[in-house]
Protein chains: 2
Amino acid sequence: MQSIARPQNLADAVYEQLKSELFEFQLLPGDRFTEIEVAERTGASRTPVRQALYRLQREGFIDVNFRNGWEVRPLDFDQLDALYEMRVLLEQTSVRRMKKLPAEELKAILRPLEKVWCVNSSKRSHDAGLVAQWDEEFHCALVAASGNSEFVRVHREITERIRIVRRLDFTQQARIAATYAEHSAILDALGHRAFSAVADQLATHIEVSRVEARKLTLLKLQNARKNFSPNKINHRTVPVSAGV
Amino acid sequence: MQSIARPQNLADAVYEQLKSELFEFQLLPGDRFTEIEVAERTGASRTPVRQALYRLQREGFIDVNFRNGWEVRPLDFDQLDALYEMRVLLEQTSVRRMKKLPAEELKAILRPLEKVWCVNSSKRSHDAGLVAQWDEEFHCALVAASGNSEFVRVHREITERIRIVRRLDFTQQARIAATYAEHSAILDALGHRAFSAVADQLATHIEVSRVEARKLTLLKLQNARKNFSPNKINHRTVPVSAGV
DNA sequence: ACACGTGGTACTGTATACAAGAGAGTATCC
DNA sequence: GGATACTCTCTTGTATACAGTACCACGTGT
């Protein structure tokens, strides 16, 4: 979707790797780890590792304890709710602003989205990762239509922040089907310039996915905790200064 | 206003110092500098300096050129406009949500603000820095009333980002007077629960200050550039690899 | 006079060495 | 036995050393 930004320096590479470990729940909320551990795991030295860690800290994923290791921040569902609210606000505002767009421009925005979402069921994807990516692109495209670069930037940051729970929604085929249905309905209504109606549809659409994602996240966390092996505990999750 | 966060480590201290140099227009858009220069100026080593620089980069104030020094990013008025739009959206949304607040809570929010803004002219401050700070606190308080922590966080980030131009607005006594008048009018209307009216007032209030700030910024930049001394050029703003 | 190739310098990116303190574990005392 | 003080290790924070290359300047050839 947006700037791919392949990492050219080690710090970015480490950042990407850690983030993916967070998203795959290989690093679980509450897990503790040290800079040296990460450095050995990634093959980099502490310098780029620290750059990556501090970036993740500023983005809210991890915490540093003064001279006492790092820690994966627990998922804060209140904060996630606030992020989802902000997301709704941005997307609704962007959609409402579409009424200023001439028909031509609106069509140009909708056409590529319709190619993905308004297809009969044989042509639909069942791949969770792919649908998750398309879903993000769909909603980002709505905000991009606002023409406000800061709406886009903030919305993208929110997308990054909630992805960890949002993507779980597409692990269920029924939810993928619902997403197809709702997205094509939204595109339909946009084609008829029913912007206020779309704003309402969006709120519902996002709210349902928020609730589903929360349920699945709680399940996922329970399972992930069950799968602890003693090795893994010793390797990573034990309090840092506990020795062997 | 929000968390004071006195810097305990060098990186934060350097960050604060650099940011204040940016805000005071001691570091001007287009200025180039190196990590070692900053290290010598602040007394820290390159490590914390780099931490601070990368933070400022992520926040959009400066750019790094690969193996070729750092550079103060030019002020982008289109981006500032987008930030102001976002600010209006957040503050209007927060104000509109106040209608859900019971009278008691609303009063508790308004009272401290009225103490600052609804005072007769003899008690008003004429200090630009102080009024600028109170102004930020006023608008942040409105958003805080929304109860959405992400609204607050994003709004605070925007406040940090636009402060560099916004504060100039209060260097004119006439604008300070206008701010007092408009803030007290807004508080009045809020006391009467005229939330939609306040939303309109806010949009106008912010829009006027945006335009004023832009005018003053352009002036300030012109003056700052005039005051270049050859020494200063050699010291800081010449292309990095130019030797003596 | 101008284009092109080459060398040197200065800059960031990365690795490593050093400093200081937080915390677990142990020994000691009552 | 329990509480307290202390030591020792491990951690992050900071400083510095090293590596690689982008850019400028100069020189050379045409």
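## Basis of the model

The model is predicted: local features need pLDDT of at least 70, side-chain atom pairs count only at pLDDT 80 or more, and totals for chains, interfaces and linings use all residues. Residues are numbered from 1 along each chain as its sequence is written, chains are lettered from A and ligands numbered from 1 in the order in which they are written, and side-chain values use heavy atoms, with hydrogens and water left out.

## Fold of chain A

Chain A has 10 helices and 3 strands. Helices (H or I, at least four residues) and strands (E, at least two) are DSSP runs, numbered from the N terminus. Along the sequence the pattern is α-β-α-α-β-β-α-α-α-α-α-α-α.

Chain A holds 244 residues, and 45% of them count as buried. Buried means under 20% relative accessible area, exposed over 50%, and partly exposed in between (1.4 Å probe, protein chains only). Contact means heavy atoms within 4.5 Å. Among contacts in chain A between residues at least 6 apart in sequence, 77% join residues at least 24 apart.

## The A–B interface

Together they bury about 1800 Å², with 54% of it on carbon and sulfur atoms. Buried area is the accessible area (1.4 Å probe) that two parts lose on being put together, summed over both. Three residues, A:Met86, A:Leu89 and A:Glu150, supply 26% of the area that chain A buries against chain B, more than any other three.

The rule finds 2 salt bridges across it. A salt bridge is a side-chain nitrogen of Lys or Arg within 4 Å of a carboxyl oxygen of Asp or Glu. B:Arg97 and A:Glu85 form such a bridge, at 2.5 Å from N to O.

## Nonpolar core

The largest nonpolar core has 129 residues, and A:Met86, A:Met98, A:Leu190, B:Met86, B:Met98 and B:Leu190 touch the most other members. Such a core is a set of buried Ala, Val, Leu, Ile, Met, Phe, Trp, Tyr and Cys residues joined through side-chain atoms within 4.5 Å.

Leaving aside neighbours within four places in sequence, B:Met86 contacts residues of both chains. From chain A these are A:Met86, A:Leu90, A:Glu150, A:Phe151 and A:Val154; from chain B, B:Val154 and B:Ile158.

## Salt bridges

Over all chains the count is 40 salt bridges. B:Arg210 pairs with B:Asp81, with the closest N and O atoms 2.7 Å apart. This pair links distant parts of the chain: B:Arg210 lies in helix H9 and B:Asp81 in helix H4 (residues 77-97), 129 residues apart. B:Arg210 is buried at 16% relative accessible area, whereas B:Asp81 is partly exposed at 22%.

B:Glu157 and B:Arg153 meet at 2.8 Å, N to O. They are separated by about one helical turn, because they sit 4 residues apart in helix H7 (residues 149-166). B:Glu160 and B:Arg163 meet at 3.0 Å, N to O, and lie 3 residues apart in that helix. In chain A, A:Lys19, A:Glu136, A:Glu160 and A:Arg163 are linked in a salt-bridge network.

## B:Ser125

B:Ser125 lies in the loop between helix H5 (103-117) and helix H6 (128-144) of chain B. At 11% relative accessibility, B:Ser125 is buried. A polar atom of its side chain lies 3.0 Å from the backbone nitrogen of B:Asp127. Beyond four places in sequence, B:Ser125 touches B:Leu130, B:Val131, B:Trp134, B:Ile176 and B:Tyr180.

Definitions and conventions. Polar contact = N/O pair within 3.5 Å; in protein donor to acceptor, adjacent residues only side chain to side chain.
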